[in-house]
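Hello,

The structure we spoke about is below, followed by what turned up in it. Please read the notes alongside the coordinates.

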Amino acid sequence: MSMFTYVINILISLMMVSMTFVMIIMSRASGERISEVLAEEPDLYNVPHAIREVMDGSIDFEQVGFAYPSNLSGRERPLAYSAAPGVRSRPLPH
């Protein structure tokens with residue numbers, strides 16, 4: 001009976017070592033992905049003539065389009081959107 005206990009203890013120890021090794025590999029892969037995201041250069045930049053303050057709180061978007069690089073056909077429907085101050089709404093494509 002004690003031999004069985006020793007074998008179980010050894011196997012549990014080996015499982016813990018292997019699980020630690022797997023967690024180290026997973027954390028290394030996650031760290032690489034995080035560093036890739038942090039090293040990415042942004043595609044959007046502020047233009048020098050941008051409006052920084054809105055006096056009445058309203059926002060108007062005219063002829064705004066968006067598409068992922070893999071699906072450029074989404075730019076065919078531009079977005080026009082107006083938001084009045086204090087009104088909750090969401091933009092819808094026309």
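E32 and R28 form a salt bridge (a side-chain nitrogen of Lys or Arg within 4 Å of a carboxyl oxygen of Asp or Glu), with their closest N and O atoms 3.5 Å apart. The search of the whole structure finds 1 salt bridge. Because the two residues are 4 apart in helix α1, about one helical turn separates E32 from R28. E32 is partly exposed at 40% relative accessible area, and R28 is exposed at 60%. Here buried means under 20%, exposed over 50%, and partly exposed in between, with a 1.4 Å probe and protein chains only.

This is a predicted model, in which local features need pLDDT of at least 70, side-chain atom pairs count only at pLDDT 80 or more, and totals for chains, interfaces and linings use all residues. Numbering starts from 1 along each chain as its sequence is written, and side-chain values use heavy atoms, leaving out hydrogens and water.

A nonpolar surface patch consists of M3, F4, Y6, V7, I8, I10, L11, I12, L14 and M16, with about 1000 Å² of accessible area together. Patch residues have over 30% relative accessible area and no salt bridge; like charges are joined within 9 Å, nonpolar side chains (Val, Leu, Ile, Met, Phe, Trp, Tyr) within 5 Å. Areas are from the Shrake-Rupley method with a 1.4 Å probe, and for residues only the protein chains shown count as cover. L11 lies in helix α1, residues 2–39, and is partly exposed at 44% relative accessibility.

Mean pLDDT (the predictor's confidence in each residue, from 0 to 100) is 83 for the protein, and 86% of its residues reach 70 or more.

Regards
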